[in-house]
Amino acid sequence: MRGLTRREALAAALGGVAILGGVGTSRVALAGDARDTLPRIPVIRSRNGVLQATLTATTEPARIMGVETEGLYTYNGRFVGPCLMASPGDRVSIRVLNRTPIDLNTHLHGFHVNPRGDGDNVFLSVPPGEELTTRVTLPRDHDSGLDWYHPHVHGVTNESVFKGLAGPFIVRGGAESLPQVKGLVQRLLVVKAHQFVPDVTPPTMVPVTQANSANFTFTVNTSLSPNLVMRPGETQLWAIANMTPGAFLRLSLAGHRFMVLAEDGCLGYYPWVSDVLDIPPGKRFEVLVTAPAEPTTLTLSTLGFLNGTVVSPAQDLATVEVVGPSADPVRAPKRMATQPGWVAQTPARRRVFTLSRDNLPTGPVFYINGEAYGHESLHDVFDVPLGTVEEWVVRNDPRLASGGVSMETHPFHIHVNDHVVVGRGMWDPATGKTTSYQPLLPFGPKDSEVVAPNEYVVLKMLFARFRGKTVFHCHILFHEDKGMMGAFRIVDRPVDDSDGEHSGH
Ligand SMILES: [Cu+2]
């Protein structure tokens, strides 16, 4: 790997600082500390209530681990796309020029926005050589935090994200604005995975058909194990995203704890603490990390995860160097957000979704309620009345129709509206009977939840504000492309049932 240019060294020195907003004190805290090598992600900000971004989806080489790499599709020639930043109430316009060989569109993952027309519409598809502009307005009460954007054309979603088309999108006013957190150093850590063709120069990403997560190398902001500097006792805010196409991260910081303030771009109702942070594909967490009181060096690593027969490797992700004068640790807030009234509401309806797979001679196929999603078939589309609260039971049936089992976890993701998790338990797919149930106090809104083999989770959701057809799916994008997706339509509620107020945030 060649050395950094002066410009890159400067960018590295400012690594991650003030990425989450113009926080001057953060800049001061790290300025000049060239030992901090976390690469900075360029930010495209909204101004005067408008975010206007033009992104070229290109096959030009992009830098991974500091080296020009081929075989990628990236936004603007960056393996981590530019960080978009907007505020609740802003109008957002994202123009994408498709210079890749595959069809593209733009999905706003984690957003509560219009799914129709030129909005967050995953049914659009723009061929190579053409362009697409996605236009949405963020509601004034939109949740604030770390979301992301990526293409979502069924059949090539995995390829597009694996090759590099994904970037962070921050909605201002989240954890960084809490009184206890203001002024802390903030970092944006985007974890991606790559796999190079062996023994080829220049480094070249393997074709997606040869991708095997067991051979993935994880990078943080395109860097292999960057150095993060903290002062003894210092508390920092880290916003962490898993933008891999289907790898599971199990983050560990040498036994130190992560204090979780936000998940999936939403402040939680109260913080929770863990020494291992499980981040399935697509998920984001915003956490407080407090350095030990004495100078030391810690390793941020992912512990590895075996999903059925599919390996997500263990790997060191970053080095945390604790040096310099001491800082006072920060106490976490007791509460961050208030649980909205609809969470306690009796659901209008309960639906059950069963996730399963089969291994056919042509390859694996993935089902929801026994059906593999097809673009042309509309038979799996159901209607949900706008403004109603529903409970969705999502259960994992590991049995293969052709015999045997596949003991794999599926991260279940729903577009347009966030949900809370109100319970989970085990069930027996042979009898359909539940064998255990644990009611849960919701931590906060989220856009995805894992379901382990023989497990079921109970999600509760308000279908607020936006009508239109959208989807739910497994966020292991290979599973989604191979059928584990369903479509539904949010429709006007019956007139006699209307109270005229659909905002539940
Ligand atoms: Cu899956």
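How many residues of domain 1 are in contact with residues of domain 3? The legends below take up this question and some further views. The structure is a predicted model, in which local features need pLDDT of at least 70 and side-chain atom pairs count only at pLDDT 80 or more, while totals for chains, interfaces and linings use all residues. Residues are numbered from 1 along each chain as its sequence is written.

**View 1. Domain 1 against domain 3.** The domain assignment, which is automatic or taken from a database, gives domain 1 (6–174), domain 2 (186–322) and domain 3 (341–497). Here 16 residues of domain 1 are in contact with 19 residues of domain 3, two residues being in contact if their C-beta atoms, placed from the backbone, lie within 7 Å. On the side of domain 1 that touches domain 3, seven residues are nonpolar, seven are polar and two are charged; Ala, Val, Leu, Ile, Met, Phe, Trp, Tyr, Cys and Pro count as nonpolar, Asp, Glu, Lys and Arg as charged, and the others, Gly among them, as polar.

View 2. Leaving aside neighbours within four places in sequence, isoleucine 240 is in contact with Leu189, Val191, Ile279, Arg284, Phe285 and Val287.

**View 3. Strand E7 between two partners.** Strand E2 (residues 50–58) runs parallel to E7 and is joined to it by eight bridges, with alanine 53 opposite isoleucine 94. Strand E9 (residues 131–137) pairs with E7 in the antiparallel sense over seven bridges, and leucine 97 stands opposite glutamate 131; pairing requires that DSSP finds at least two bridges between the strands.

**View 4. An open sheet of five strands.** The strands follow the order E1-E6-E11-E10-E8, with mixed pairing, and the edge strands E1 (43–45) and E8 (107–109) each pair on one side only. Within this sheet, three bridges join the parallel strands E6 (residues 83–86) and E11 (residues 167–171), and leucine 84 stands opposite phenylalanine 169 in E11.

Notes. Helix = DSSP H or I, 4+ residues; strand = E, 2+ residues; numbered from the N terminus.
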